[in-house]
Amino acid sequence: KMNKNENIEQLTKQYRKIALKKIRTKLRKLFGCRSIDVIEHFSDMKDPRNTQGQRHPLLSIIVIGLCAVICGSDGWTQIEEFACARQEWLESFLELPHGIPKEDTFRRVFSVLDPKEFQKRFSKWIQATVFVKSGSVIGIDGKAMRGCKGDGVTPKHIVNAWSSACR
């Protein structure tokens, strides 16, 4: 015999399953994908590298690069530093048989990727990720940073956007 809490937990699991199924169906109809998982969007991308001397999977390099840039990295060295600082976390979902790739590896791999193919996949991933139900509100807040303007230099701006659907 189930108590009230177990019954509520079971119903919650059922509703989550139903909601996920609806979201996946809608994502497939709109964007041709099942989820917002970056790995799903880039997993079958053609690897343009020569197979000789390949130490790191293409998918791992792409995902690390995307995560690092989203977190503010703006160069190959910073991408490597980001990855080294979060190696344990990255190893929990990526194949890293030879550890974290070096900055030169990131540079070389991203320079030989087909930019149109990468842009297509990136755009599709972003569209699926930021898909917002109609009727939701997106609040936008912006600020100009102080002390960073001068002769011929415009101030840096920070913009935040919040969706009411993500509360």
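1. The protein chain holds seven helices and two strands, in the order α-α-α-α-α-α-α-β-β from the N terminus. Helices (H or I, at least four residues) and strands (E, at least two) are DSSP runs, numbered from the N terminus.

2. A word on what you are looking at: this is a predicted model, in which local features need pLDDT of at least 70, side-chain atom pairs count only at pLDDT 80 or more, and totals for chains, interfaces and linings use all residues. Residues are numbered from 1 along each chain as its sequence is written, and side-chain values use heavy atoms, with hydrogens and water left out.

3. Please keep confidence in mind as you read. The mean pLDDT (the predictor's confidence in each residue, from 0 to 100) of the protein chain is 78, and 68% of its residues reach 70 or more. Confidence is highest in helix H4 (residues 76-85), at a mean of 95, and lowest in strand E2 (residues 157-163), at 68. Where pLDDT is low, the predicted coordinates should not be read in detail.

4. Just after H3, Gly 72 takes a positive phi of about 110°.

5. Of its 23 residues, Phe 42, Ile 62, Ile 64, Leu 66, Leu 90 and Phe 118 touch the most other members. H3 gives the largest share of this core, eight residues. Leaving aside residues up to four places away in sequence, Ile 64 touches partners including Ile 79, Phe 82, Leu 90 and Phe 106.

6. Phe 118, Arg 121, Trp 125 and Ala 128 are buried in H7. Seen down the axis of H7, these buried residues fall within an arc of 105° (taken from the directions from the helix axis to the C-beta atoms), so they line one face of the helix. The face turned away from that buried side carries the exposed residues Pro 115, Lys 116, Gln 119 and Lys 120.

Notes. Buried < 20%, exposed > 50% of the residue type's maximum accessible area, 1.4 Å probe, protein only. Core = buried A, V, L, I, M, F, W, Y, C linked by side-chain atoms within 4.5 Å. Contact = heavy atoms within 4.5 Å.
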